[in-house]
Amino acid sequence: MSTIETRELNVYYGDEKVHALKNVEIKIEKNKVTALIGPSGCGKTTFLRSLNRLNELLGATTKGKVIIDGKDIYDGKEDVIQLRKRVGMVFQHPNPFPMSIYDNVAYGPRIHGVKKKELNGLVEESLRKAALWDEVKDRMQEIALKFSGGQQQRLCIARALAVNPEIILFDEPCSALDPVSTAKIEALLRELKHEYTIVIVTHNMQQAARVSDFTAFFLMGELIEFGETKELFERPRDKRTEDYITGRFG
Amino acid sequence: MTGNKKITEKLVMIGMYVAAFITVAALFTVVGYVYVKGIGAISLDFLLDYPYRLEFGGIFPQIVGTIYLAAVCLLFAVPLGVASAIYLSEYAPDNMITGTVRFFVECLAGIPSIVIGLFGLIFLVHYLGLGISLLSGGLTLGFMILPWTIRASEEAIKAVPGSYREASLALGASKWQTIRNVVLKNAYPGIISGILLGCGKAIGDTAIVLFTAGSGLEWFLPMAITDPVGSLTVYTYILATQAHTEAGILRAFGASLVLLTMFFMVTVTALYLRNRYVRRMSGW
Amino acid sequence: MGVLERVRIFKFWKMGESIKERLIEKLLFLLSLSSILIVFFIIVFMLKEGLPAFALGGEFFFGMTWHPATNQFGILILVLCTFIVGIGALVLATIIGIPTAVFLAEFSPEWLRNIIKPCVEMLVGIPSVVIGFFGLMVLVIFIRDTFGGWGESILAGWIILAIMTLPHVISISEDAIRAVPKAYKEASLALGATHLQTVTRVILPNARSGILASLILGMGNAVGETMAVLMVIGNPEIPFIPESVLEPVRVLTSTIVIEAAYMIWGSTHQHALIALGVVLFVIVALLNAITTVMIRKGMVK
Ligand SMILES: Nc1ncnc2c1ncn2[C@@H]1O[C@H](COP(=O)(O)OP(=O)(O)OP(=O)(O)O)[C@@H](O)[C@H]1O
Ligand SMILES: [Mg+2]
C-alpha cells in the first residue's frame, strides 16, 4: 500500500533555467523507511521538499502530480497547512527555534490550536518518542541552543512528531552529527517506522543499508533505480547504480 | 635598519593611540562641558516652570513638547516603517521594483533633515494648512525617520535565519503565524533598537522642529495637536544665538543638559538591545 | 492520535484563518505602498516646487551672487563654500578617524575597545545643536582669541563638522577592516611580517573600498549637517569666496535655515530655497548611493 505516489514530477528553479527533477515516478510505501541516495546536486533535497511543498519558498516551479493519500497536493485545492501538518520534516542542520525545549515542541501544537491542558502530555509524549525525554525532562525551560547537536536534532524530531504527522521527511539528518548521535537517530528511525512513513536522504551508503526498506537512486534529476534496499545494493539493475554504490563513480 | 623599523612601528602605534584618544576626548569634552556648565541651571523650578520673555523661567513645556513630538513622530513612522519592512522582506518578490524601492529607501535614509524640514514647512504647514503645530512637526519628523525605520527593521528581520522560517512552515504554520511567532519574535530587539535610534534622531533634531513645530520659547503646553509646541533643541538654539545675558546662556546649557540626558537614555537602551540581539543571533 | 482528530475539527476555524492571512498581507502591502508613496511624493514635490528656480538655468547654477533682496539667486558660491567646509572637515576626520578605526580593529586591547566603541556609537547621533552650542561657546571664542578675526569661521566649521563626521568614518572603516578574511592576515604573519606590516600591506589594501565608502558617507553627512555648522560659521549677509580659513562663510544648509524664516510665500526666493534643498538632496543622495554600491561590492568580493 503506497501513501506517496508521484507522476511525471518535474521541478524547475529560477524561471525554468535549472531542471532539477525530470519525470520522477515513484511509489513510496506506508510505514516503511525509504532512502534517497545519489551524488550531490542530483535533486534529493528537491524531491523531498516537493513532498511538503516547501520548494515553493525557493521559487521553484513544479509540474506533474504528487499524490498523498490519494489526493494530488498540486491540484490547487490542497491546503498547504493541512499538508504540512501531515508531512513533517527534519532538516540537515538541527534548527531548533531559540526558545526553550518545551516551547520548541509545543510550537506546532500551539499553532494548530491544541488546548493548553493537553500540551504537557503531548510534549512529553513527543520527547519520549524522540528518545530525548530522559535527557531533558529536568531542563524543559532551558534554551534549546545550549544542547548538543545530536540532542538538538532529536528535539527537531520531537517537534515534528508533536503535530502528529503521518509522513516524516529527513534531509540528511545525521550529516552534522557525531557517530554516537548518529547511531541514536538511526535506532530512532527503526522505531518510528511502525507509526510513520519515513523518507530519508542520506549520503551514507551504510546508513541507507542499515535503516531503509526501500532505496531510490537519483542521478542528475532522474530517478535511475528504485527497489527494495537489499535488492538494490546486492543486485543493482542499472550500471550507474552499481558504479555509485561501489564507489566507482567518476 | 631594524632599529629604524622598530622606531617607525613605535611611532605609528603612538599615532594611533593619539588618534583614538582624540576621538574619545572629543566626546568627553563636549558632553563634559555641557554637563559642567549646565548642572548649575538645573533645579526643580527650572524643570517644572514655564519660560517667560527670552531669558527667564523654566523649560517644562520644552521637555514635554520634545516628548510629544517624538511620540507623534513614532506613532506615525513606526507602524508604517515596520509594516513596510515586513512586507518588503517577507512578502514582496525580489525583483526590479523592490530592488529600486530599496535603493531609494537606502538613499533617502541619509537625506539631510533640513530638506525634509523644508518640505514639511511648505507642504504641511502652508499647503495643507496644518500650521506650525505639534502635528506638522511630528509628521515631518516621522518623514525623516521613516526610511530609517524601514531599513533598520529590514536588517533585523533579515538577520533571522531562514532555517527558522522553514522549520515553522514545515510544521504547518501559516506565513503570518511564522512571521509573528518566529521572525518578529526574534527580530524585535533589533527592530526596537532601530526605532529607539530613530527616536534619538527625532529628539535631537532642530531644523525640522524649528520650521514646523514652534519657535522654542512656548510658555504653554499644546492643548490640541494643531497647537504650536516648544522643544529643547529649538529652545537651546534660540537662547544660544540670541540670549545676551549670563542667565540666558546658563538656561541654554541647562536645556542642553536635559536634552543630552534624554538622548543618552534612548540611545544607550538602543545600543544595549542591539548588542544583546547581535549576540543572540550569532548563537551566544 | 486523539489530539490529531481534535485538531482536524479546527479546520473550519482555519478557513477564517486563511482569510485573515490574506487580509494581513493586503494591509501590509497598503502600508508599505503608502510609505513608498510618501517617499516619492516628497521627492517629486520638492522637484516641482524648485522648478521655477531651476528654470533660471545658468543664472541659478553658475551665478556668483546670492542676494534675495535684489532677486539674485546664483548658488555657485554657496556650493563652493559647502564643499570647502565639507572637504576640510573630512580631511580632519580622516586623519583622526582611520587610525582610530585601525586601532580598534587590530591593535586595541579588548577592554579599551569596550570603552572607545560605545563612545563612538554615542557620538553618531548626538544632537547637533548641542555640538553647535559648544562650538559657539568654546571653539569660536578660542579661535577669536588665538588667531583673531570673528572666530565664527571656516576653521570652526571644519573642527565641529569633523567631530560630527568622525563616528561615521570610524564605524564603517572598522567594519571594513574586520571584514578582511582572517586567512590573509594569518598568511602574512606566517611569512614573518610584523603586525603593522600586515596591516598596511595586506589588511588595509583589502579594506580599501569599505574605507573609501566610509569617507564618502562622511562627506554626505558633512554636507547635509545643518545646525552645528550654522552656529559656528558666521553666515555673512552676502556670500563671498573666502580668502582665509578665519573668514566666515555660508553653506547650503545654513542659507536654508536662515532665509526660510523670512521668505515670502510664492516668491522666487521661496522656489530658490527649495531648489537649494533639491541641490543638497541630490548631492547627498549621490554620495549615499555611491557608498551603498561600494559597500555592496566590497561585500560581494
Ligand atoms: N534555490 C535554488 N535555486 C536554483 N537552483 C537550485 C536551488 N536549489 C537547488 N538548485 C539546483 O537544483 C539541483 C538539485 O539540488 P538539490 O539541492 O535537490 O540536490 P541534492 O541532491 O539535495 O544535493 P546535496 O546532496 O548536495 O544536498 C542542483 O543542480 C542545484 O544546483
Ligand atoms: Mg540536499
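How far is an oxygen atom of ligand 1 from an N or O atom in the side chain of A:H203? The legends below take that up first, and they all describe a predicted model.

**View 1. Side chains of chain A that meet oxygen atoms of ligand 1.** For A:H203, the answer is 2.7 Å, taken from an N or O atom of its side chain to an oxygen atom of the ligand. Look for A:S40 as well: a side-chain N or O atom there sits 2.4 Å from an oxygen atom of ligand 1. As for cover, ligand 1 would expose 630 Å² if taken alone, and the protein buries 64% of that.

**View 2. The shell of residues around ligand 1.** There are 13 residues here, and A:S40, A:K44, A:T45, A:T46 and A:H203 come nearest. Sorted by class, the shell holds five nonpolar, six polar and two charged residues. Two elements of chain A, β2 (18-29) and α1 (44-50), each give two or more residues to the shell. The largest share, three residues, is from α1(A).

**View 3. The largest nonpolar core.** This one takes in 241 residues. Helix α3 (residues 60-91) of chain B supplies the largest share, 17 residues. Why does the core lie between domain 1 (3-55) and domain 2 (60-300) of chain C? Because both domains give residues to it.

Definitions and conventions. Residues are numbered from 1 along each chain as its sequence is written. Chains are lettered from A and ligands numbered from 1 in the order in which they are written. This is a predicted model: local features need pLDDT of at least 70, side-chain atom pairs count only at pLDDT 80 or more; totals for chains, interfaces and linings use all residues. Side-chain values use heavy atoms; hydrogens and water are left out. A residue is near a molecule or strand if one of its heavy atoms lies within 4 Å of it. A polar contact is a pair of N or O atoms within 3.5 Å; within protein, one must be able to donate a hydrogen and the other to accept it, and residues adjacent in sequence count only if both atoms are side-chain atoms. Accessible areas come from the Shrake-Rupley method with a 1.4 Å probe; for residues, only the protein chains shown count as cover. Helices (H or I, at least four residues) and strands (E, at least two) are DSSP runs, numbered from the N terminus. Ala, Val, Leu, Ile, Met, Phe, Trp, Tyr, Cys and Pro count as nonpolar, Asp, Glu, Lys and Arg as charged, and the others, Gly among them, as polar. A nonpolar core is a set of buried Ala, Val, Leu, Ile, Met, Phe, Trp, Tyr and Cys residues joined through side-chain atoms within 4.5 Å. Buried means under 20% relative accessible area, exposed over 50%, partly exposed in between (1.4 Å probe, protein chains only). Domain bounds come from an automatic or database domain assignment.
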